Amino acid sequence: MPTAYQSIDIPFEFRHTCWFCGEPYYESYSFMASPNYDEQKLPIMVPCCEECYRICQPIKVSGLDLLRDKVKEKLHRKYEKHLQIGANWTKEELEDSEFEGKALEGFRESAWAMFEIAKERVNYSGWPLTIDGLPVVGLTSSFQVEFNGIAYTSLVQAVEQLAKVYNIPQAYLEDVVETVGRHRLAYAIRFAKTTYGYSAEEREASIASLKAMLAEESVLATEESKSAKGIEVAISEIQELILSRTMVSPYAVQWVLRKGISTLGQLAEHEDDFLESFMQESELVAFTYFNGMQVYLEKREKDNEWAMNGDPNRALFARLG
Ligand SMILES: [Zn+2]
């Protein structure tokens, strides 16, 4: 007899687990898309904990990923206070705090645990969905945003929740995020939090100054990349040299020219990058090359006369501009 539903595959280690939040299994929710764009024929059974099972009941969506997002959003709202504990306290602060009275002591003892449970549930990403070994198509979590270790289903949801956490008017936080870009959520929140006053005029003035700040920042960034513009030079064009009994490798010189590096300070900024590039050969090679480069650039900085007229590679460094 054919079954009247499909069940998602459940890996052994997840056989008693809610797919949405990782809590213990209670019952499977039978999901039917509505509206049914993909012409789903049979209900799909998704394992749930008791709470997520109940949350699922009234939700009408066209796909399992949307169902997951709706469940997460509901959990976020329901455990808003618990999730805020992590934004307002650190674990150590809570432990050291001197709450007096029974109720407050109880809060101190359970608060961090409540925060961690709520956080794990909203962050839980389930296991990859397959039915009879075939992936369920069209499932996406690409709209997810993370802030302070907590996952949000979308930027819109993140802004909505974070505005509450940090007491920022939501419309204002939206404007700030739009101005700085979605990838700089932390910056947006820092800025919005320290804004002086939230009246319409004050907000407008803040956004204007934010725009000015960002414009300045982008000018600086282009200047920086201009000075860091490197040149590509063949090994045969580079002279090997020995300074203070230290060998300066043409390969190291080629590398710094490529990065547009001509000062000790710039070399220091690229130290990790430099070492990593030569680490494939060996650690000794990487450190020897780096040391040689330090000696070389220091000599160029201290002995201007030599840098201009004596350095056999002076023409190459001159090209860095
Ligand atoms: Zn659940």
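User: What makes the span of helix 5 close to the expected one?
Analyst: Helix 5 (residues 102-123) has 22 residues and reaches 32 Å from first to last C-alpha, close to the 32 Å expected, because the expected span is 1.5 Å times one less than the number of residues. Helices are DSSP runs of H or I with at least four residues, and strands are E runs of at least two, numbered from the N terminus. The model is predicted: local features need pLDDT of at least 70, side-chain atom pairs 80 or more, while totals for chains, interfaces and linings use all residues. Residues are numbered from 1 along each chain, and side-chain values use heavy atoms, without hydrogens and water.

User: Why is the site of the zinc ion called tetrahedral?
Analyst: Four donors count as tetrahedral if all angles lie between 85 and 135 degrees; the angles here are 103 to 116°, so the site is tetrahedral.

User: How do you know which atoms are its protein donors?
Analyst: C18 (SG), C21 (SG), C49 (SG) and C52 (SG) lie 2.3 Å from the zinc ion; donors are N, O and S atoms within 2.8 Å of the metal (3.2 Å for Na, K and Ca), so these four qualify.

User: Why is C21 called buried?
Analyst: Its relative accessible area is 4%, and buried means under 20% (exposed is over 50%, partly exposed in between; 1.4 Å probe, protein chains only), so C21 is buried.

User: What makes the pair of Y26 and Y53 edge-to-face?
Analyst: The search of the whole structure finds 13 aromatic pairs. In the pair of Y26 and Y53, the ring centres are 5.7 Å apart and the planes at 70°. Rings of Phe, Tyr and Trp (its six-membered ring) pair if their centres lie within 6.5 Å, with planes under 30 degrees apart stacked, over 60 edge-to-face and the rest tilted, so this pair is edge-to-face.

Note on methods. Four donors count as tetrahedral if all angles lie between 85 and 135 degrees; four count as square planar and six as octahedral if opposite donors are over 155 degrees apart and all others between 65 and 115; anything else is irregular.
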